[in-house]
Amino acid sequence: MSSEVMARLKKDYIYNLMLKGEREDKRSFDEVRDIQIETNVIDKAEGSAKVQVGQTQLIAGIKLQKGTPFPDSPDEGVIITSMELNPIASPIFEPGPPNENAVEMSRVVDRGIRESGSIDLKKLCIKEGEEVWMVFVDIHVLNDDGNILDAASIGAISALLTTKIPAIGEDNDEIPVPVRELPVAISLVDIEGQLMVDPSLDEETICNTKITIISNQDGSICGMQKSGNGGLTIDQVLEASEIAVKRASEIREKHLLDI
Amino acid sequence: MSDKPDKFIDDDGLRLDGRRFDEIRPMKIEIGVLSRADGSCYLEWGKNKILAAVYGPRTLHPRRKQIPDAALIRYRYNMASFSVEERVRPGPSRRSVEISKVSAEAFEPVVLTKYYPNTVIDVFTEVLQADAGTRTAAINAASIALADAGIPMQGLVSACAVGKVDGKLVLDLNKEEDNFGDADLPVAMTQDGEVTLLQMDGNLTPDELKESLEMLKKGCTEIFEIQKKALYTKFGKDPVLDVDDIDDEDDEGLAQIQVELDDSEGEDVELDEDYLDVDEELEEAVEVIEVEEDPDKKGISNLSDEKEDDSDEQ
């Protein structure tokens, strides 16, 4: 039986643990799981990172291609983020085009990178109006142990930090992609009124509501998304944003600043 | 696309379209505009023109998607190819897939899906003309269409967006503010202030977020009142009187309402039967029962003792 089914059976158990102030894996409610980041794992990609959060594993790979800019931003490069929930990662993932969950998650990751102004798109312009670099951020999920979204956000920015723009012509050298900001997404689930950060697979499966908050280095918020069938109070939204900003800055300092 | 204006707010504190910072655009609602749909609503909000229709509850196919103890809410947000300056390619885009998903989830907390197991409630929203804030406008329209279809709900959902221009928070973004502003925060709320949809992009400090949510609560309440008024105008006589009549006993009040409902709706009877067959216990357990027997009537009584706000943005 898949663990998604088991999780539903365990709902009461998780709820009762919550009443005692505990979580299944002994974390406190505002504690994230261990994070491991390994960069440059794929030589053929211009940038890459393998991220593990708990047992959730994924690889973010960056490919650069020359392309034509959009007419309304002739001097800016293009970033395209997509995510594949491969059947290798979970018994309930199916092959085929991205489903709405994958589309939603990749768009939230994209929102973090785009809205934080993380990448200086103007520096990706080769010739105004004619040729720019198109940055493809592809998230390849390998194992779903819950909270793919946060892992994907960390993976995307880690991979971008390692990305080199190939040399053009003979007198140029390859240069790193200009990363100006380090957005980090933190998700919390609401289980019967209790917010839990970085949900495990069980917690994510049984929760009614998930809220993801993406924050910048200065503590400002650059993206949010509520997901799931429940609602949240305004106070919960504010509480979630406070926790998320704190956890994001810890992750940034511990893992991202030295990449 | 027009160019970025030099200033979004003039010296008198008025925005480009003459509104104050916490003022929403004028909204016009028409109910029951499509004869084939079980419920429908045409909504204009500023220059947005939105059509929403509800079909169902009806049997869900394929059957493997059925939920044995609840109805599935299937929401489709679609932009007409001619709705914006640059033609939109017909068919689902990544953007519309995401909006459809979160909008369906915005209604899950209020629609009493437990009464219609194995069915689907289809909500279709078409953006005929877009001018910033289409996802919130579509939710406002869908909310009315659901009520028009007699779907049992705890209340309406109202949606609105807050954005930031010139460093100042403004309610219900217009096109320029949407295109060139520094933040966009669409939110849908029930009338109790429960947030059922929330998205954000741009840049907000935690303090600004707090202030935004307060503004949104106010904006959504305002929209809820507009929605409520539209429903009363269509279905109620004197709002207060009707509700009292229902509570009291006699069939007069009920009959009044029923007649009006019968005019506009044809499928209520079937729904009722389904519901009764399926779950009598639930019926007993919930006060709403009386109302549920006549979904339309329920819609009305909801207005009186429940409220919803929601906001949404494009």
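pLDDT is the predictor's confidence in each residue, on a scale from 0 to 100. I begin there, since this is a predicted model.

**Entry 1: confidence**

I looked up the elements of chain B by mean pLDDT. Where pLDDT is low, the predicted coordinates should not be read in detail. I leave both stretches alone below. For chain B as a whole, the mean pLDDT is 83, and 75% of the residues reach 70 or more. For the complex, the predictor gives an ipTM of 0.91 and a pTM of 0.84.

**Entry 2: chain B in outline**

I noted 10 helices and nine strands in chain B. Of its 314 residues, 51% are buried. I also checked contacts in chain B between residues at least 6 apart in sequence: 73% of them join residues at least 24 apart.

**Entry 3: where the chains meet**

How many residues of chain A are in contact with chain B? I found 28, facing 28 residues of chain B. On the chain A side, helix 3 (100-115), strand 12 (221-227) and helix 6 (234-256) each supply at least two residues. Strand 12 of chain A gives the largest share, seven residues. By type, the chain A side divides into nine nonpolar, 11 polar and eight charged residues.

**Entry 4: a sheet across both chains**

Strand 12 of chain A pairs with strand 9 (residues 195-204) of chain B in the antiparallel sense, over four bridges. Within this pairing, Met224(A) stands opposite Met200(B). The open sheet has eight strands, in the order 10(A)-9(A)-11(A)-12(A)-9(B)-8(B)-6(B)-7(B), with antiparallel pairing. Strand 10 (194-197) of chain A and strand 7 (168-171) of chain B are at the edges with a single partner strand each, so one side of each has no neighbour in the sheet. From one strand to the next, the twist averages 20 degrees.

At the chain B end, I looked at strand 6 (residues 157-165) and strand 7 of chain B, which form an antiparallel pair over four bridges. Val165(B) has Lys168(B) in strand 7 of chain B as its bridge partner.

Next I looked for helices lying across these strands. Helix 3 of chain A lies across strands 9, 11 and 12 of chain A and strand 9 of chain B, at about 165 degrees to strand 12 of chain A. Helix 4 (residues 206-235) of chain B lies across strand 12 of chain A and strands 6, 7, 8 and 9 of chain B, at about 140 degrees to strand 6 of chain B.

**Entry 5: Gly223(A)**

Gly223(A) and Val108(A) are 115 residues apart along the chain, yet their C-alpha atoms are separated by 7.5 Å.

**Entry 6: the nonpolar core**

In soluble globular proteins, nonpolar side chains tend to be buried together. I looked up the largest nonpolar core here and found 147 residues, with Ala152(A), Ala52(B) and Ala145(B) having the most contacts inside it. Ala52(B) touches, among others, Val123(B), Phe124(B), Ala138(B), Ala141(B), Ala142(B) and Ala145(B).

Notes. Residues are numbered from 1 along each chain as its sequence is written. Chains are lettered from A and ligands numbered from 1 in the order in which they are written. This is a predicted model: local features need pLDDT of at least 70, side-chain atom pairs count only at pLDDT 80 or more; totals for chains, interfaces and linings use all residues. Two residues are in contact if their C-beta atoms, placed from the backbone, lie within 7 Å. Ala, Val, Leu, Ile, Met, Phe, Trp, Tyr, Cys and Pro count as nonpolar, Asp, Glu, Lys and Arg as charged, and the others, Gly among them, as polar. Two strands pair if DSSP finds at least two bridges between them. A nonpolar core is a set of buried Ala, Val, Leu, Ile, Met, Phe, Trp, Tyr and Cys residues joined through C-beta atoms within 7 Å. A residue is buried if 20 or more other C-beta atoms lie within 10 Å of its own, exposed if 12 or fewer, and partly exposed in between; C-beta atoms are placed from the backbone. Axes are lines fitted to C-alpha atoms, for helices over the stretch in contact, and angles run from 0 to 180 degrees between N-to-C directions. Lists of a residue's contacts leave out its neighbours within four places in sequence.
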